[in-house]
Amino acid sequence: RLVAFLSIDPRRPNALELLDRCVNDWGMRGVKCHPDTGWFPDDEAYYPYWEKILGYGLPVLTHTGPLEPPSKNECVHPERLDKLLADFPKLTVIAAHMAFRWYKELMEVAKRRPNLMCDCSAWQPTAHESYGKFAYIFRKVMDVFGANRIIFGTDAPTFSLLYSEQEWVNMIRDLPAKAPGDMIFSKEEVEAVLHGNAARILKLT
(Lines give C-alpha, C1' and ligand atoms only; values in the text may rest on other atoms or scores of the structure.)
Protein backbone atom coordinates (compact mmCIF):
# COMPACT_ATOMS: atom_id res chain seq x y z
CA ARG A 1 0.00 0.00 0.00
CA LEU A 2 1.28 3.45 -0.90
CA VAL A 3 0.29 6.54 1.08
CA ALA A 4 1.47 9.75 -0.59
CA PHE A 5 2.95 12.73 1.22
CA LEU A 6 3.04 16.16 -0.38
CA SER A 7 6.14 18.34 -0.39
CA ILE A 8 5.73 22.06 -0.96
CA ASP A 9 8.23 24.80 -0.22
CA PRO A 10 6.28 27.12 2.13
CA ARG A 11 8.07 30.11 0.62
CA ARG A 12 6.09 29.69 -2.60
CA PRO A 13 3.43 32.40 -2.97
CA ASN A 14 0.77 29.77 -3.74
CA ALA A 15 1.88 27.23 -1.12
CA LEU A 16 -1.45 27.16 0.70
CA GLU A 17 -3.41 26.77 -2.53
CA LEU A 18 -1.15 23.92 -3.62
CA LEU A 19 -1.56 22.24 -0.24
CA ASP A 20 -5.35 22.36 -0.59
CA ARG A 21 -5.11 20.82 -4.04
CA CYS A 22 -2.79 18.04 -2.89
CA VAL A 23 -5.13 17.04 -0.08
CA ASN A 24 -8.54 17.63 -1.63
CA ASP A 25 -7.89 16.63 -5.24
CA TRP A 26 -5.13 14.04 -4.90
CA GLY A 27 -5.81 12.58 -1.46
CA MET A 28 -2.35 13.03 0.02
CA ARG A 29 -2.10 12.04 3.68
CA GLY A 30 1.01 13.73 5.05
CA VAL A 31 3.63 16.45 4.49
CA LYS A 32 7.36 16.10 3.85
CA CYS A 33 9.59 19.11 4.49
CA HIS A 34 13.19 19.89 3.59
CA PRO A 35 14.08 23.08 5.48
CA ASP A 36 17.72 22.49 4.52
CA THR A 37 16.83 24.27 1.29
CA GLY A 38 17.10 27.46 3.32
CA TRP A 39 14.13 28.14 5.59
CA PHE A 40 13.56 27.78 9.31
CA PRO A 41 10.54 25.70 10.41
CA ASP A 42 10.05 27.87 13.49
CA ASP A 43 9.85 31.11 11.47
CA GLU A 44 6.42 32.59 12.19
CA ALA A 45 6.15 33.65 8.55
CA TYR A 46 5.26 30.01 7.83
CA TYR A 47 2.70 29.62 10.62
CA PRO A 48 -0.25 29.84 8.18
CA TYR A 49 1.25 26.80 6.44
CA TRP A 50 1.39 24.83 9.69
CA GLU A 51 -2.09 25.98 10.67
CA LYS A 52 -3.55 24.63 7.44
CA ILE A 53 -1.68 21.35 7.83
CA LEU A 54 -2.98 21.04 11.38
CA GLY A 55 -6.50 21.77 10.16
CA TYR A 56 -6.27 18.81 7.81
CA GLY A 57 -4.86 16.62 10.59
CA LEU A 58 -1.77 15.68 8.57
CA PRO A 59 1.48 14.43 10.10
CA VAL A 60 4.66 16.29 9.12
CA LEU A 61 7.85 14.43 8.25
CA THR A 62 10.74 16.89 8.25
CA HIS A 63 14.41 16.39 7.57
CA THR A 64 16.71 16.69 10.58
CA GLY A 65 20.45 16.19 10.74
CA PRO A 66 23.48 17.53 8.87
CA LEU A 67 23.82 17.10 5.11
CA GLU A 68 26.48 17.93 2.57
CA PRO A 69 26.54 21.43 0.97
CA PRO A 70 24.63 23.22 -0.44
CA SER A 71 22.18 22.15 2.29
CA LYS A 72 21.71 24.73 5.05
CA ASN A 73 22.35 22.68 8.15
CA GLU A 74 21.46 25.48 10.54
CA CYS A 75 17.87 25.09 9.31
CA VAL A 76 17.57 21.41 10.23
CA HIS A 77 19.02 21.28 13.72
CA PRO A 78 16.50 19.63 16.11
CA GLU A 79 16.30 22.75 18.26
CA ARG A 80 14.67 24.55 15.31
CA LEU A 81 11.63 22.34 15.93
CA ASP A 82 11.20 23.24 19.59
CA LYS A 83 9.26 26.48 19.18
CA LEU A 84 7.13 25.01 16.38
CA LEU A 85 6.21 22.03 18.54
CA ALA A 86 5.41 24.31 21.47
CA ASP A 87 3.25 26.67 19.42
CA PHE A 88 1.44 23.79 17.66
CA PRO A 89 1.11 21.15 20.40
CA LYS A 90 -1.44 19.13 18.40
CA LEU A 91 0.75 18.96 15.29
CA THR A 92 2.49 15.61 14.85
CA VAL A 93 6.06 16.20 13.66
CA ILE A 94 8.35 13.33 12.70
CA ALA A 95 12.08 14.12 12.75
CA ALA A 96 13.57 12.14 9.86
CA HIS A 97 16.75 10.12 10.38
CA MET A 98 16.76 10.57 14.19
CA ALA A 99 18.73 13.73 13.31
CA PHE A 100 21.81 11.64 12.45
CA ARG A 101 24.72 12.68 14.71
CA TRP A 102 22.48 15.22 16.44
CA TYR A 103 20.37 12.45 17.97
CA LYS A 104 21.27 13.56 21.50
CA GLU A 105 20.00 17.07 20.81
CA LEU A 106 16.86 15.52 19.29
CA MET A 107 16.27 13.54 22.47
CA GLU A 108 16.42 16.72 24.54
CA VAL A 109 13.67 18.27 22.40
CA ALA A 110 11.63 15.05 22.66
CA LYS A 111 11.72 15.25 26.46
CA ARG A 112 9.91 18.59 26.28
CA ARG A 113 7.59 18.00 23.31
CA PRO A 114 5.36 14.91 23.30
CA ASN A 115 4.13 15.73 19.78
CA LEU A 116 7.62 15.02 18.39
CA MET A 117 8.27 11.63 16.77
CA CYS A 118 11.24 10.37 14.76
CA ASP A 119 12.13 7.75 12.19
CA CYS A 120 15.17 5.50 11.78
CA SER A 121 15.60 5.91 8.04
CA ALA A 122 19.13 6.13 6.61
CA TRP A 123 20.71 4.38 9.60
CA GLN A 124 21.47 1.29 7.49
CA PRO A 125 25.16 2.21 6.99
CA THR A 126 25.68 2.54 10.75
CA ALA A 127 23.87 -0.73 11.44
CA HIS A 128 25.94 -2.58 8.84
CA GLU A 129 29.20 -1.08 10.07
CA SER A 130 28.41 -1.79 13.72
CA TYR A 131 25.14 -3.44 14.72
CA GLY A 132 26.12 -2.85 18.33
CA LYS A 133 26.53 0.90 17.86
CA PHE A 134 23.21 1.16 16.05
CA ALA A 135 21.39 -0.90 18.67
CA TYR A 136 22.90 1.21 21.46
CA ILE A 137 21.80 4.50 19.87
CA PHE A 138 18.39 3.10 18.93
CA ARG A 139 17.83 1.93 22.52
CA LYS A 140 18.83 5.34 23.89
CA VAL A 141 16.46 7.12 21.51
CA MET A 142 13.65 4.69 22.31
CA ASP A 143 14.15 5.14 26.04
CA VAL A 144 13.49 8.86 25.64
CA PHE A 145 10.83 8.87 22.92
CA GLY A 146 9.11 5.64 23.87
CA ALA A 147 8.47 2.96 21.27
CA ASN A 148 5.16 4.61 20.34
CA ARG A 149 6.95 7.66 18.91
CA ILE A 150 9.43 5.99 16.53
CA ILE A 151 8.67 4.96 12.94
CA PHE A 152 10.59 2.61 10.68
CA GLY A 153 11.97 4.05 7.46
CA THR A 154 14.47 3.24 4.73
CA ASP A 155 15.17 6.47 2.81
CA ALA A 156 14.88 4.35 -0.32
CA PRO A 157 16.16 4.39 -2.97
CA THR A 158 19.27 6.07 -1.55
CA PHE A 159 20.70 2.87 -0.06
CA SER A 160 18.83 0.28 -2.12
CA LEU A 161 21.87 -0.65 -4.20
CA LEU A 162 23.97 -1.27 -1.08
CA TYR A 163 21.53 -2.83 1.38
CA SER A 164 18.37 -4.79 0.74
CA GLU A 165 15.20 -3.35 2.22
CA GLN A 166 14.23 -6.76 3.61
CA GLU A 167 17.58 -7.06 5.38
CA TRP A 168 16.99 -3.68 7.03
CA VAL A 169 13.53 -4.77 8.18
CA ASN A 170 15.04 -7.95 9.58
CA MET A 171 17.74 -6.03 11.46
CA ILE A 172 15.02 -4.14 13.32
CA ARG A 173 12.73 -7.15 13.71
CA ASP A 174 15.57 -9.26 15.15
CA LEU A 175 16.49 -6.81 17.90
CA PRO A 176 14.57 -8.70 20.63
CA ALA A 177 16.61 -11.83 19.93
CA LYS A 178 19.89 -10.45 18.62
CA ALA A 179 20.54 -7.11 20.35
CA PRO A 180 24.21 -7.06 21.39
CA GLY A 181 25.33 -7.05 25.01
CA ASP A 182 22.74 -6.54 27.71
CA MET A 183 20.40 -4.37 25.61
CA ILE A 184 16.76 -5.44 25.69
CA PHE A 185 14.11 -4.80 23.06
CA SER A 186 10.64 -6.25 23.31
CA LYS A 187 8.63 -7.74 20.47
CA GLU A 188 5.89 -5.19 21.20
CA GLU A 189 8.33 -2.28 20.81
CA VAL A 190 9.59 -3.56 17.48
CA GLU A 191 6.08 -4.19 16.14
CA ALA A 192 5.11 -0.62 17.05
CA VAL A 193 8.14 0.76 15.20
CA LEU A 194 7.74 -1.41 12.12
CA HIS A 195 4.06 -0.79 11.48
CA GLY A 196 1.85 0.08 14.45
CA ASN A 197 2.86 3.72 14.86
CA ALA A 198 2.64 4.56 11.15
CA ALA A 199 -0.76 2.89 10.93
CA ARG A 200 -1.94 4.97 13.90
CA ILE A 201 -0.85 8.40 12.73
CA LEU A 202 -1.99 7.74 9.15
CA LYS A 203 -5.33 6.41 10.45
CA LEU A 204 -4.97 3.12 8.61
CA THR A 205 -6.46 1.08 11.44
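S2 and S3, strands at residues 30–33 and 60–63 respectively, pair in the parallel sense over 3 bridges; pairing requires that DSSP find at least two bridges between the strands. Strands (E, at least two residues) and helices (H or I, at least four) are DSSP runs, numbered from the N terminus. Within this pair, Thr-62 of S3 is the bridge partner of Cys-33. The chain reaches S3 from S2 by way of helix H2 (residues 47–56), in a right-handed β-α-β crossover. Right-handed means that, with the strands pointing away from the viewer, the path from the first strand over the helix to the second runs clockwise.

The model is predicted: local features need pLDDT of at least 70, side-chain atom pairs count only at pLDDT 80 or more, and totals for chains, interfaces and linings use all residues. Residues are numbered from 1 along each chain as its sequence is written, and side-chain values use heavy atoms, with hydrogens and water left out.

On the other strand pairing of S2, strand S1 (residues 5–6) is joined to S2 in the parallel sense over 2 bridges. Here Leu-6 stands opposite Val-31 in S2. Together with helix H1 (residues 15–24), S1 and S2 make a right-handed β-α-β unit.

The complete open sheet has 6 strands in the order S1-S2-S3-S4-S5-S6, with parallel pairing. S1 and strand S6 (150–151) stand at the edges and have a single partner strand each, so one side of each is left without a neighbour in the sheet.
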